[in-house]
Amino acid sequence: MHEVSLARALVDRAREAAQEHDAERVDAMTVAVGEATHINPEQLVFTIETVARDTIAADATIEIETVAPVATCACGWEGEPGTLDSTYVVAPNVTCPECGERLTFAAGRECELRSIAVPDDPAATNRTER
């Protein structure tokens, strides 16, 4: 069910972006998904395709870009956390390998629309849909 709300938000944003460019169709969507989110990319694609039915993004190709996790620590350490097993909980407790303090994620926890592709000529969209 979590993926449904994410998919709806992503499709809504793609529709808004298409409308901002006077496009009546979305040909492709690129979505960035951080590894620390533990979102299943295949399940997210399926859910986006399901939510997009009967919208201008119904026939869009969905591409998922996986984002590796990067964390930082107040002690100055920065890097990829050794394990993400504990991130299945609501407030992950990933600790610094140098000092043992809790890390802050700088990347890898996102799920966002990175780009969309729309027809170059909005008039062409109208011709193909008639």
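A residue counts as buried under 20% relative accessible area, as exposed over 50%, and as partly exposed in between. With that in mind, let us tour this predicted model.

## A residue in between

His38 is found in the loop between S1 and H2. Is His38 buried, exposed or partly exposed? Its relative accessibility is 29%, so it counts as partly exposed. His38 also has a positive phi of about 60°, although it is not a glycine.

Asp22 lies in the loop between H1 and S1. At 59% relative accessibility, Asp22 counts as exposed.

## The whole chain

The chain holds three helices and six strands. Starting at the N terminus, its elements follow the order α-β-α-β-β-β-β-β-α. Of the 130 residues in the chain, 35% are buried. Now consider contacts with a separation of 6 or more: residues 24 or more positions apart account for 71% of them.

| Residue | Relative accessible area | State |
|---|---|---|
| Leu10 | 6% | buried |
| Thr30 | 11% | buried |
| Pro119 | 12% | buried |
| Pro97 | 57% | exposed |

## Helix H2, one face in and one face out

Helix H2 runs over residues 41–52. At 1.5 Å a residue, its 12 residues should span 16 Å, and the end C-alpha atoms are 16 Å apart, which agrees.

Which residues of H2 are buried? They are Leu44, Val45, Thr47, Ile48 and Ala52. Looking down the axis of H2, these buried residues fall within an arc of 165°, so they line one face of the helix. The face of H2 turned away from the buried side carries the exposed residues Glu42 and Phe46.

What covers the buried residues of H2? The cover includes helix H1 (2–20), strand S1 (28–34), strand S2 (61–67) and strand S6 (111–117).

Asn40 caps the N-terminal end, with a side-chain oxygen 2.9 Å from the backbone nitrogen of Glu42. Just after H2, Asp54 takes a positive phi of about 65°.

## Strands S1 and S2

S1 and S2 pair in the parallel sense, over seven bridges. The chain passes from S1 through H2 to S2, and this β-α-β crossover is right-handed.

Thr30 is found in strand S1, and it stands opposite Glu63 in S2. Leaving out residues up to four places away in sequence, Thr30 touches Glu63, Glu65, Glu112, Leu113, Arg114 and Ser115.

Leu10 lies in helix H1. Apart from neighbours within four places in sequence, Leu10 is in contact with Met29, Val31, Leu44, Ile48, Cys111, Glu112 and Leu113. Leu10 and Glu112 are 102 residues apart in sequence, and their C-alpha atoms are 7.1 Å apart in space.

Strands of a sheet pair through backbone hydrogen bonds, either parallel or antiparallel. Three strands form an open sheet in the order S4-S3-S5, with antiparallel pairing. Strand S4 (78–79) and strand S5 (104–107) stand at the edges with a single partner strand each, so one side of each has no neighbour in the sheet.

Strand S3 (residues 70–72) and S4 pair over two bridges. Which residue in S4 is the bridge partner of Ala71? That partner is Gly79.

## Two prolines in loops

Pro97 lies in the loop between S4 and S5. Pro97 and Pro81 are 16 residues apart along the chain, and their C-alpha atoms are separated by 8.2 Å.

Pro119 has its place in the loop between S6 and helix H3 (122–129). Pro119 and Arg25 are 94 residues apart in sequence and 7.2 Å apart in space, C-alpha to C-alpha.

Key: Residues are numbered from 1 along each chain as its sequence is written. This is a predicted model: local features need pLDDT of at least 70, side-chain atom pairs count only at pLDDT 80 or more; totals for chains, interfaces and linings use all residues. Side-chain values use heavy atoms; hydrogens and water are left out. Helices (H or I, at least four residues) and strands (E, at least two) are DSSP runs, numbered from the N terminus. The expected span of a helix is 1.5 Å times one less than its number of residues. Buried means under 20% relative accessible area, exposed over 50%, partly exposed in between (1.4 Å probe, protein chains only). The arc is that of the directions from the helix axis to the C-beta atoms. Contact means heavy atoms within 4.5 Å. A polar contact is a pair of N or O atoms within 3.5 Å; within protein, one must be able to donate a hydrogen and the other to accept it, and residues adjacent in sequence count only if both atoms are side-chain atoms. Two strands pair if DSSP finds at least two bridges between them. A crossover is right-handed if, with the strands pointing away from the viewer, the path from the first strand over the helix to the second runs clockwise.
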